[in-house]
Amino acid sequence: MLHSGGSLRVFEHRCTFGPHDRPFTEQHEGFSLAYVRRGSFGYRFRGEHFELVTGGVLVGCPGYEYVCTHDHHLYGDECLSFHLSAEMVEGLGGPGPWREGLPLPPIPELVVLGELAQAVAAGTSDLGIDEAGLFFAARFAELIGGRAARPQRLLARDRRRAVEAALWLEERSGEEIDLDGTAAAAGLSSFHFLRLFRRALGVTPHQYLLRARLRRAARLLADRDLPITEIAFEVGFGDLSNFVRTFHRAAGLSPRRFRELARGRRPLLPAAHGS
């Protein structure tokens, strides 16, 4: 499990079944979208047989029965799986697109967002995995439901809500915070809040939170002698390796080197040519 929230859960699913394993009937427990990121598998649904390959999407609707097969791939498959609450599905326009239940082949509009979600899962993007999942689900609902998202007009109260939410995130940046919690504090659904915040401030809530943590980390590295591990946890990162990777991606150097440069041990920037 990569994320567990009230409206969205995200899993990395790895299946090691192959051609010699006997298939069996399964049932979707809720609304889900599984992006196939590696391998392939067969999918039997309502008397039809489909083949899913990398980039395809398996669509799950509560109560629907299916059978997965692995006749053509020796090593199983890997999926990034998004499980949505019924309330979230209603917020995206209703369960119609999920009720069709048909898997999708690789299509550009979803492949690019699936790969974005992969980058988030791998730690090479500063989006939140819940945000990436909502972008993916919303695009699916638009494509299959045939209704493009209506442009959202930002009123003064919407902008105020976004600013107040940013201040709320700033005050709690050292705590464990997800999109559901921030949206609830703003009194909005997660998807509506995500769109409003991004339109008003130009970044997603998770990106803002991450940058607030990096700002605080940079100050602590420059001003105090706390161990880097302690700084990582104090500013809100769950582990040291995630902090080091994120800080290096933002600053272009490790937290240790940043501390050295901030204290004048090396020039921060190379001297201009000829100076």
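**Ground rules.** I am working on a predicted model, where local features need pLDDT of at least 70 and side-chain atom pairs count only at pLDDT 80 or more, while totals for chains, interfaces and linings use all residues. Residues are numbered from 1 along each chain as its sequence is written, and side-chain values use heavy atoms, with hydrogens and water left out.

**Overall.** I find 11 helices and 9 strands in the protein chain. Both are DSSP runs numbered from the N terminus: helices are H or I with at least four residues, strands are E with at least two. The C-alpha trace spans about 75 × 50 × 40 Å along its principal axes. Of the 275 residues, 46% are buried. Buried means under 20% relative accessible area (1.4 Å probe, protein chains only).

**Strand S4.** I checked S4 (31-39) next. It has 8 of its 9 residues buried, so the rest of the structure largely encloses it. S4 pairs with S9 in the antiparallel sense over 8 bridges. Two strands count as paired if DSSP finds at least two bridges between them. In that pair, Val36 stands opposite Cys79. S4 also pairs with S7 (residues 57-60), again antiparallel, over 4 bridges. There, Tyr35 stands opposite Val57.

**Open sheet.** I traced an open sheet of 4 strands, in the order S3-S8-S5-S6 with antiparallel pairing. Its edge strands are S3 and S6 (48-52), each pairing on one side only. Neighbouring strands are turned by 35 degrees against each other on average, direction ignored. The axes are lines fitted to C-alpha atoms, for helices over the stretch in contact, and angles run from 0 to 180 degrees between N-to-C directions. S5 (residues 41-45) and S6 share 5 bridges. Phe41 stands opposite Leu52 in S6.

**Largest pocket.** Its space is about 860 Å³. A pocket is an open set of points on a 1 Å grid over the protein atoms alone, where a 1.4 Å probe fits, with protein on both sides within 12 Å along at least five of seven lines; lining residues have an atom within 4 Å of a point. The volume is the space filled by probe spheres set on the points, which are joined across faces, edges and corners. I list 32 lining residues, and the closest to the centre are Leu2, Gly128, Ile129, His206 and Asn242. H8 gives the largest share, 5 residues. By class I get 12 nonpolar, 11 polar and 9 charged. Ala, Val, Leu, Ile, Met, Phe, Trp, Tyr, Cys and Pro count as nonpolar, Asp, Glu, Lys and Arg as charged, and the others, Gly among them, as polar.

**Second largest pocket.** I read about 740 Å³ of space here. Of its 31 lining residues, the closest to the centre are His13, Glu26, Leu58, Tyr66 and Cys68. Strands S2, S3, S4, S8 and S9 each supply at least two lining residues. S9 gives the most, 5 residues. The classes are 14 nonpolar, 10 polar and 7 charged.

**Helix H11.** In H11 (residues 255-262), I find Pro255, Arg259, Glu260 and Leu261 buried. Their cover includes H8, H9 and H10. Just after H11, Gly264 takes a positive phi of about 75 degrees.

Notes. Buried < 20%, exposed > 50% of the residue type's maximum accessible area, 1.4 Å probe, protein only. Contact = heavy atoms within 4.5 Å.
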